[in-house]
Amino acid sequence: MGPAGRTGREGTVVREELRITILGRLAVARRDGRTAAPTAPKERKILALLLLNHGRVVPTHTLAEELWSAHPPRKIGASLQTYVLNIRDRLARELGLPGRWVRDHLVVTSNEGYRFPSADGHFDLAEYLRLADLGEAATARGDSADAVRALRSAESLWRGPVLPDLEHGLPLRSEIVRLEQRQLVVRELRIEGELRLGGHRRLVSELAMLTVRHPYHERFHEYLMLALHASGQTVQALEAYQRLHRAMVREIGIEPSARTRRLHQDILCARVPEPATPNAGQPRIPS
């Protein structure tokens, strides 16, 4: 079989077997265990930015800002080309793929910079975003069961903080913060769905942990108050509000929102419907 046939066959193999993860430590591997992620910090940064922006071009100036901040080399383009060539060579060598296929399908050059097309194999970020979109759509149409299933599956793909072993420049940090904010929204929606389905008791410990990690996050405190109240722990629900109130007033000098204060008063005056859920007139996450 000629080179074109070999390229096509091995391209099919990589689409089926390539496994890329970035929701935690960066890894590029095949199912048989062969790994190919670069080890040099600058090359890992480039690949990470391409993966976080998969399907979109990452401009040369963005890559330069990530790698060198305010002190770029005189020949930025040549330096970037060298790093990209190293990444392609490693991917081709370790994955057993033709260099041309890697250049055309994994790390692609454009007029403005470079891009990583969405892979057909397992790419945890692409799958996470797909499931998050499904869950958000199910939430919007009022299907809590479908929403919770999709959002739980999305959350299960996370393996820890994104790229904990790399120093983050501004572009990389911006992408990670954007992804972390999406992660919070997904978690909020999943918890809201579970409350709608009556899962108050099993949510109490998770929400207690989240309010410690996010001491000014009113929505997590509201959900903890609802879960505690519906579980027969009204005193603890009121205490949760007092902790939020003290933290916000002492640390940032503002009161909780009118919505959160209203929920506190409803619990205090036993006006929260049973079972206490966002569906019963309580706050919910906007679409």
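These questions and answers walk through a predicted model of one protein chain. Local features need pLDDT of at least 70, side-chain atom pairs count only at pLDDT 80 or more, and totals for chains, interfaces and linings use all residues. Residues are numbered from 1 along each chain as its sequence is written, and side-chain values use heavy atoms, with hydrogens and water left out.

Me: How many helices and strands does the protein chain have?
Reply: Helices (H or I, at least four residues) and strands (E, at least two) are DSSP runs, numbered from the N terminus. By that count the chain has 12 helices and 6 strands.

Me: What percentage of the 287 residues count as buried?
Reply: Buried means under 20% relative accessible area, exposed means over 50%, and partly exposed lies in between (1.4 Å probe, protein chains only). Among the 287 residues of the chain, the buried share is 46%.

Me: Of contacts between residues at least 6 apart in sequence, what percentage join residues at least 24 apart?
Reply: Contact means heavy atoms within 4.5 Å. Take the contacts between residues at least 6 apart in sequence; the share joining residues at least 24 apart is 63%.

Me: How many salt bridges are there?
Reply: Side chains of opposite charge can pair when their charged atoms come close. A salt bridge needs a side-chain nitrogen of Lys or Arg within 4 Å of a carboxyl oxygen of Asp or Glu. By this rule the count is 24.

Me: Which residue forms a salt bridge with E66?
Reply: The closest N and O atoms of this pair are 3.1 Å apart. The pair links distant parts of the chain, 21 residues apart: E66 sits in helix α3 (residues 60-68), its partner in helix α2 (residues 41-52). Both residues are buried. The partner is K45.

Me: Is E192 buried or exposed?
Reply: E192 and R196 meet in a salt bridge of 2.8 Å, N to O. They lie 4 residues apart in helix α8 (residues 170-196), about one turn of the helix. R196 has a relative accessible area of 22%, so R196 is partly exposed. E192 has a relative accessibility of 1%, so E192 is buried.

Me: Where is I191, and which residues does it contact beyond its neighbours within four places in sequence?
Reply: I191 is in helix α8. Its relative accessibility is 0%, so I191 counts as buried. The C-alpha atoms of I191 and V148 are separated by 7.9 Å, though the two are 43 residues apart along the chain. Leaving aside neighbours within four places, the contacts of I191 are L203, E206, L207, L210, F220 and Y223.

Me: Which residues does H221 contact, leaving aside its neighbours within four places in sequence?
Reply: H221 has its place in helix α10. Its relative accessibility is 4%, so H221 is buried. Leaving aside those neighbours, the contacts are T211, H214, P215, A240 and L244.

Me: Which element gives the largest share of the lining of the largest pocket?
Reply: On a 1 Å grid over the protein atoms alone, a pocket is an open set of points with protein on both sides within 12 Å along at least five of seven lines, a cavity is a set where a 1.4 Å probe fits but cannot get out, and lining residues have an atom within 4 Å of a point. The lining of the largest pocket includes W158, Q181 and R213. Two elements give two or more residues each, α8 and α9. The largest share, 6 residues, comes from α8.

Me: Which residues line the largest cavity?
Reply: A search of the whole structure finds 1 cavity of 30 Å³ or more. At least two lining residues each come from β1 (18-21) and α2. The lining is L18, I20, V28, L47, L51, L91, L106 and F116.

Terms used
Grid points are joined across faces, edges and corners, and a volume is the space filled by probe spheres set on the points.
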